[in-house]
Amino acid sequence: MKKRIICLASIAVPALLLLFFLSTTIFKDKIEIKKIALQPLQPYDDSLFPEYKTKHYDINQTHYFEREALTMKGSFLLLDDTIKKVSFQPKLKGDYQLQFELTVKPVTKTTIKLYHKGSLLSEKSLSEEHSLVFRHELRLSKGDTLTLAARGKGAVIAANPNLFKKISPENRASIFLICADTLRADRLQTYGYTRNTAPNIDSFSKDSVVFNNAYAQAPWTLPSHMSLFTSLYEFNHGVKRGTVIQDSIDYFIEELSEVFCTRSFNGGIYVSSRFGFFRGFDYFKSIPGDQFSPNASKVLFELAIKDLEENPFPKSFYFLHTYQTHSPYNPPLEYLKVFNESPRYTRLSAPTVGSNHRDQYKKMPQEITDAYLDLYDAEIYTFDVWFGKFIRYLKKKDLYENAMIIFMSDHGEEFFDHSGWGHVHSLYNELIRVPLIIKFPHKLHEGKQVEAEVGLIDIMPMIMKYYKIPFDEKNIDGKDIIPFIENNAENRILISSLTSGFYIPALPFKIARIKSNTKIIYNAPYTEKTFAFFNSPPPPYISYEFYDLGEDPKEMLNIAHERKPEIKKHKSLFNQIIQKGELNIRNKGKEVVLDKEMIEALKALGYL
Ligand SMILES: [Zn+2]
């Protein structure tokens, strides 16, 4: 009998534990946020909103409205003096927060009313264009109807409403993907730099996993970020200057947006909505003037904090991006003085700017090269000051512990390490080895260092896996990053390249294969004409380079002659990539028009 009791207990206890586990799992997975697509949608009438450009994706019938630097997902309601109503039944029960963003453009005085089960919640009468947010606490029963009614003449653009549960800050799941554009890894103390350019990033790294060999898939902003968000190599997504991402290519933010409120504050230009970066984002704001402002990071993090204060979503994803560390290097003087007490130069642009890259390989006096380094370090320091303030804000508001915070860069910057300046032009580590530091929720993997090579293409698959959001794992180039942390991922080949995405026509194709701390670089030949493009001659042409990164991290000694069999083995891979790159150049994809403002911004950054 006794034996039987023990036997029963041995079944009952695990069963109870299993039940408890299941109930907590189910509870955790319960929908805490619901986004409601407004129906019916009406044809957009641009005679009423000429300044709003609409974008529309066939894949999921999603409408985006863009005005200046803001793109929002939503619906369009055309008013013609009769009452227009949009109703929706969220099929939810319990206490919810409702958040509803509207932009109203009245021709005559227009009144907007919001009802819950026929009771008026909000009313606003407007005679001039206005953006407003309705926020309400609601007790919902299943089958309750919410109605937005408008009367007047004009139009309303409504961002899809969100219903969400108010939960305590420490339970809010936030993801922050933070990108300091143009930040090479070896300029951070975390990665061995002798100057402490980023004390806050360094202390953040102690709570995080540091990836010592993280690589960007392209050495410049547009293709690199597109690889990040599509988990595809640049010759596979094919997005380059003058094109927009094709509808048929999966953009991870769209899947993420089913579960998280997705928001971005960014420096625009090559991460702006015109290339398709807005896809999936509920709110996508490019900050005007970010690229020139000495205080770009301050503006960025203050906007993010304001947004977090106003929108206490239980699940939110933020992509926060700035060109603070990009040329022109013009840090606030107080931070420049950290590195040089009496600086002779307080602002410099990369030599490529203003010369349309003809001065890509110009030799400069040592004094100027040193000034560049001080200015660049001070820009990093400036970013770090505001990054630190943002981290302290998250801690103070109990948002830190449960947050996933990914700190990265899209590529590095050259200061004549290999006889060149700026970025785009090579695949040496000063351009493609980037910082990647990930803080997981609740100290998971805290303090680990990862030596395996990973790419920016591995970030989105990791986010999706971690938060259990389904995605197509087969048709991507990236892999979940977590097995690399746990040391049980297969050793793999990683590619960084300059093929379909290149933007200086005089630069030949380049492809780098990175594996087991070695790198092979293939360089396509210059023609007489392309070689003559540069004011100072580029380094002598070599078709293959081989570097042992463990022995020679600065890639100074090309040992290709010793590694001929290994190089030979990769020739067909390189040929396939070149063919894809060429194909993408011929198939221009969907073209985008660069407006005057964009052309000016590109010129100032040295891209034109
Ligand atoms: Zn960039």
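Which residues have the most contacts inside the largest nonpolar core? They are Val-156, Phe-176 and Ile-406, in a core of 143 residues. A nonpolar core is here a set of buried Ala, Val, Leu, Ile, Met, Phe, Trp, Tyr and Cys residues joined through C-beta atoms within 7 Å; a residue is buried if 20 or more other C-beta atoms lie within 10 Å of its own, exposed if 12 or fewer, and partly exposed in between, with C-beta atoms placed from the backbone.

The model is predicted, and local features need pLDDT of at least 70, side-chain atom pairs count only at pLDDT 80 or more, while totals for chains, interfaces and linings use all residues. Residues are numbered from 1 along each chain as its sequence is written.

Helix α8 (residues 366-396) gives the most to this core, with 13 residues. Because domain 1 (33-164) and domain 2 (169-490) both give residues to the core, it lies between them; the domain bounds come from an automatic or database domain assignment. Leaving aside neighbours within four places in sequence, Phe-176 is in contact with Tyr-318, Leu-320, Ala-403, Ile-405 and Ile-406, where contact is taken as C-beta atoms, placed from the backbone, within 7 Å.

The C-alpha centres of the two domains lie 34 Å apart, and 15 residues of domain 1 are in contact with 16 residues of domain 2. On the side of domain 1 that touches domain 2, the elements that give two or more residues are β3, β4 and β12, and the largest share, 4 residues, comes from β4.

The elements are DSSP runs numbered from the N terminus, helices being H or I of at least four residues and strands E of at least two. Three of them are tabulated here.

| Element | Residues |
|---|---|
| β3 | 62-67 |
| β4 | 70-80 |
| β12 | 162-164 |

Helix α3 (residues 221-230) is mostly covered, with 10 of its 10 residues buried, and these buried residues pack against α4 (234-237), α5 (252-256) and α10 (459-466). Just after α3, Ser-231 takes a positive phi of about 60°.

In strand β27 (residues 494-498), 5 of the 5 residues are buried, so the strand is largely enclosed by the rest of the structure. Leu-494, Ser-496 and Leu-498 point one way from β27, whereas Ile-495 and Ser-497 point the other way. Strand β27 pairs with β28 (residues 510-515) in the antiparallel sense over 5 bridges, pairing requiring that DSSP find at least two bridges between the strands; within β28, Ala-512 is the bridge partner of Ser-496.

Notes: Two residues are in contact if their C-beta atoms, placed from the backbone, lie within 7 Å.
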